[in-house]
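Here are my notes on the model, jotted down while going through it. Have it open as you read.

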Amino acid sequence: MKALLSKEFKLCVHPALFIYLALILMLLIPNYPYLVSCFFVCNGIFFCFQQARENGDAMYTAMLPVSKAQAVKARCLFVVIIEMIDVVLMAAMCAFALVAMPETNGGGTDHSLSLIAFALVLFAIFNIIYLPSFYKTGYKAGTAFLKSAIGIWIWIILSDGMMIASNAVMESGVDIAFFRFIHENIDCMPKTAEALTVQAILFGAGLLLYVVCTLLAAKISVKRYEKVSVA
Amino acid sequence: MKILEIKDLRKAYPGFLLDDVSFDVEEGSIMGFIGRNGAGKTTTIKSVLNLVHADGGTVLFEGEDLWSNETVCKKRIGLVLGEFNYYKRKKLKAIAAVTKQFYEDWDEETYQALLSRFSLDPEKKISELSQGMRVKFALALALSHRAKLLILDEPTSGLDPVSRDELLDIFRSIIEDGEHSILFSTHIISDLEKCADYITYIKGGKIVVSTDADSFKDAYRLVSGEADQLERFRSTLIGYRAHAFGFTGLMRREDAERAEGLKVAPADMESIMIYTEKEDGHESAAQ
């Protein structure tokens, strides 16, 4: 597995991935839907799959002393590592924003644990759609990305939309308990014990969903790729 | 001792069936795997290596089931599936650095010696190599991890005659110790004439014959005769080509020995394959 992972990083990484990872700096933009930065990372991962495909990676890997299942698992682990790098960068940016950007984000979710939880859900959606879809053929990277992009954007619109709506409702002076709860506990920096608890639960749930979806995605991908002929 | 045993290998595609393919590769020998394009050579090799999921059959490598011990077995198998056409923008040294991580038995000294022998510059990119040099690089990688069995799919197809001859010499030297073996698929039959100990001939997804090279050639004779003799011998000719002065064709040895009035000569592998492929439709030069 170590050798396969090394192969992924030395041969399959597309240079654009680093640019997309650097787009975590978008979290410094005031009033912006920060989850979009995660979509760009998914785009970077898709570029890596394309790069591998165009370079005949499937056949090269098939000639190495590894099974198809190991090859798929290594690629899934590669995806997880990239996503976790982005999550760690996001956490650092959120910590920085706690001090440097105290204003509420009018464009989506605030810098918070909730944002990281939503990012984990986004990556879970990407993994569960993209990986099994790609490994159904082993080469249709574009179709798989299109399908996953639809899922990702529905999630971005739903989650950030909900935060924007809660802001708007609260600013209008109408007091609806549901939106007040979001405004005071989810879409805010976790400065109170209650908000921190709610966001920690959200983060735990997001992490759990990420782990379950990614393991399931890897399992389905392995099963599907076994049936694919490497040509 | 058999290093590779393939039994009843089966794979069905729409319009093509790999039909119960069975043959063995003996330790210390070169097995030539011949057949025309589309006969099933590559499908057989890919099925053996689990690159293609076979519908049935068994593959034993050194007595072990290859498919259930894939990782372990593949460490002792060197593979060359045509020229090295992967990661063309990467340097040879980058590809080698990645590849050698997969083999505990990687022999850097052998690898460096092969680079020199093949005049391969590790600083060059794959895209800068000619077709022949890419085959040589694939061979250098395959030969550098002390593989017991080399499986080569069309390794000489893109090479010039001098390079091909050089490679055939290398193949012979590899098996000299009696412990290494080569399964060598090709449609360049003259290469096998020079180096193969055994021949397996596949046609339309079925094995026609699998035997030692001498028996393979000895089982057939090239015959030629006058045009008026053709009708008399047509039923015993495996394949033939008619021309203005008569015909030339292929017969089984026992039929050729009984064929009075025909000129009989030893058959070479290429003629055997060409005339056998004509079996289903005899060709006339006059048409």
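Predicted model: local features only at pLDDT ≥ 70, side-chain atom pairs only at ≥ 80, totals over all residues.

1. Let's start where the chains meet. Roughly speaking, chain B and chain A bury about 2300 Å² between them, and carbon and sulfur atoms give 61% of that area.

2. Counting residues in the interface, 24 from chain B are in contact with 26 from chain A.

3. Now for chain B by itself. Its make-up is eleven helices and 15 strands. Of the contacts between residues at least 6 apart in sequence, 69% join residues at least 24 apart.

4. What about overall dimensions? Along the principal axes, the C-alpha atoms of chain B fill a box of roughly 65 × 40 × 40 Å. The radius of gyration is 21 Å, which agrees with the value near 19 Å that a compact globule of 287 residues would have.

5. How much of chain B is buried? The share is 53% of its 287 residues.

6. Last, the charges. Chain B carries 38 positive side chains and 49 negative ones. The centres of these two sets lie 6 Å apart.

Technical notes
Residues numbered from 1 in each chain as written. Chains lettered and ligands numbered in written order. Heavy atoms only, no water. Helix = DSSP H or I, 4+ residues; strand = E, 2+ residues; numbered from the N terminus. Rg over C-alpha atoms; globule rule 2.2 N^0.38 Å. Buried < 20%, exposed > 50% of the residue type's maximum accessible area, 1.4 Å probe, protein only. Contact = heavy atoms within 4.5 Å. Lys, Arg positive; Asp, Glu negative; His and termini not counted. Charge placed at Lys NZ, Arg CZ, Asp CG, Glu CD. Buried area = accessible area lost by both parts, 1.4 Å probe.
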